[in-house]
Protein chains: 2
Amino acid sequence: MKPYTEMSREELSNELAALKKEYKHFQSLELHLDMSRGKPSQDQLNLSMAMMDVLDSNSDLTCEDGTDCRNYGQLTGIDEARVLLGDMMENNPNDIIIYGNSSLNVMYDTVSRCYTHGVLGSTPWCKLEKVRFLCPVPGYDRHFAITEYFGAEMIPVPMTPTGPDMSMIEKLVQEDESIKGIWCVPKYSNPQGYSYSDETVRRFARLKPAAKDFRIFWDNAYGMHHLYDDHQDYLIEILAECKRAGNPDLVYKFASTSKITFPGSGIAALATSPNNMEDIKRQLRHQTIGHDKVNQLRHVRFFGDIHGMVEHMRKHADIIRPKFEIVEETLEKNLGELKIGSWTKPLGGYFISFDSLPGCAKAIVARAKKAGVIMTAAGATWPYGKDPNDSNIRIAPTYPSMPELTSAVQLFSLCVRLVSAEKLLNEMKAEQA
Amino acid sequence: MKPYTEMSREELSNELAALKKEYKHFQSLELHLDMSRGKPSQDQLNLSMAMMDVLDSNSDLTCEDGTDCRNYGQLTGIDEARVLLGDMMENNPNDIIIYGNSSLNVMYDTVSRCYTHGVLGSTPWCKLEKVRFLCPVPGYDRHFAITEYFGAEMIPVPMTPTGPDMSMIEKLVQEDESIKGIWCVPKYSNPQGYSYSDETVRRFARLKPAAKDFRIFWDNAYGMHHLYDDHQDYLIEILAECKRAGNPDLVYKFASTSKITFPGSGIAALATSPNNMEDIKRQLRHQTIGHDKVNQLRHVRFFGDIHGMVEHMRKHADIIRPKFEIVEETLEKNLGELKIGSWTKPLGGYFISFDSLPGCAKAIVARAKKAGVIMTAAGATWPYGKDPNDSNIRIAPTYPSMPELTSAVQLFSLCVRLVSAEKLLNEMKAEQA
């Protein structure tokens, strides 16, 4: 089929009529499918059921250092968990704090602490006239929600396949002392699945922010989440690079096992420099006596070591790789020649990012919803939920089953065609009027 | 033996010499005992080991409402856990949010939220010139540490066996709009083990604070922690009483299973009015997608229902009751007639509160430490760690074994006698000089 943009008004009208018929057919199927969030599927969750067996009433719940995991203590986590998550995050165990069940919670608490108590003795952000955050776009809605909730002004920075626009970032942070942070998902980014290039990471580590309390919020959510054995993205480790660049305190790095074991019942961690670590501990000791050590021990004993975790992640990959592939194939088959949309083809992570013709995303998502397929809200990938082009849509292929996903992407493609054809026809009409 | 205060200088000198000899003997034993914190003993932890068996790889981790506990979701906790902790806290499950592993964390987060975002639309506390908190004394050091960390000015309010001085509280909150909160441990208080009388609770519910954003931080940490089957304290349920008094939004109520199952691996909860609940949820949804539901389910299936929890608490009581009794007996035997100290005799909770002669507490704790017994730091029960009388010492009898505890309390009694005798002798010398 030829591109919609090259079709005559009549051709497009005929196409639209056929699409509407097809859409009615989909509506008659009464689908109830959810592609809105990056949730593991039941098959993936089943991979970790054996973790429920590693501790039982006969287990010795004592750590290597003699700590009884059943009692109070260990503010920064048990040593074994710091070693395992250190290997996972490619950081020194001493630079790691193990937290509770969610890295989102750690990120929220980190921003909150900056607001109430500042960074390494700086003025608390709540006492400042203005706090600004840089937000690579498209990005992760829950990141933006945190900074919006705290009243930070969010400045979008365009993403590219090698990471955010570094020239823009370098200029902004150097000029504007009110810029206090930037949200990054450096590997298999949310939603595009891009990984930051070596040059990008090097330039991040060499930022010269006007604000001494500027921090990079480095959410390495998908560090382990490759789709392929042989074709993987590697990232320069940011803390080490910052240290080499003479900027050791620039980064807060976050990760969790949410999409490794059970979302909401995993363990989360923060890695940062010794200075930042001491700063955080001054706060943390008032917030808790320690996080859930039994669950830390459960994770350590389940995986054994980082190799065990890597092997476990291959099983996840085996389940979700076909899902990414079916989405990409279906989009290619249905939209490939039409020039009404483009999408990313990540090597890992949880999302595919789709860009429609400008001004179509909201309508596409609404159409999909009316036929029973829930997508991430259009605009969600931008600060304040406002995509100025109304074109970006995040596709989350992991949760539905393969048959469900196939139907959902077929419907999605149909909605893209339908809305795009309508748009182009309306433009033709407007031109002729 | 006659009271020290009635001894002659010679009698006291002889006594002191004998005590010093005895102290040396204790030093030669090279004790390493810890009575500093309210930690369950290993025997108590063993009571919950069967909880490690209730979930295994064959378990269905689905809630009654169909929620898969292994995946994201359920911001306020699973229904079953809200029912169980509702029964535990004597609140409607709908008024309960289940949190993570620690009520301290919930209290910290609650204070933090008030600082960054205010209460039901009030000015965030961080924007105010002055925030004051009322602190019944002696009280819980970790409460005071939170408000100190946020820069609140803490005003001590004397405790009595029926609760804090309500006349003082009523007057202060009515007069001073900068008073935003009060820390309460209403049942088996930390450290005295006092429970608030009906009148105290009634008056709390009828406070008329000048500040609309004043809240009672009601830490019901020991609601289930009775020592005796037949002799227990009952408390008027504060949320219900506030509702009856037309003050429904006055209270944040906290509890956890830390001293029921495993400290640090239990579940915590907050109970409050529907208005406060909505206010909190507006924040909570930015902080987390949900707390650890697998652990919530584990707790629910372990206890079955509130009766199961009550039976479980009887086993705790059987272990710790003899410890409270040996402390009380030993103190009575060694100090009963000497008029150099008094102590509480709680029916529940985790602590016994000891009051020495004024100006002796720090010295007593230091002496005990030099002979190998760690007590809670003197002063810790007061805001800023400053006990103006230097007399209050918190005794935490649960963690040591019975033989250890016996040695520790004997040594403690000896230190009380030694420091008191020294003090009285010094006073005599000063008078004669």
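The contact between the two chains draws on 44 residues of chain A and 44 residues of chain B, two residues being counted as in contact if their C-beta atoms, placed from the backbone, lie within 7 Å. The model is a predicted one, in which local features need pLDDT of at least 70 and side-chain atom pairs count only at pLDDT 80 or more, whereas totals for chains, interfaces and linings use all residues. Residues are numbered from 1 along each chain as its sequence is written, and chains are lettered from A and ligands numbered from 1 in the order in which they are written.

On the side of chain A that touches chain B, helices H4 (103–117), H5 (141–149), H9 (274–287) and H10 (293–303) of chain A each supply at least two residues; helices (H or I, at least four residues) are DSSP runs, numbered from the N terminus. H4(A) gives the most to this side, with six residues. By class, this side of chain A holds 19 nonpolar, 17 polar and eight charged residues, where Ala, Val, Leu, Ile, Met, Phe, Trp, Tyr, Cys and Pro count as nonpolar, Asp, Glu, Lys and Arg as charged, and the others, Gly among them, as polar.
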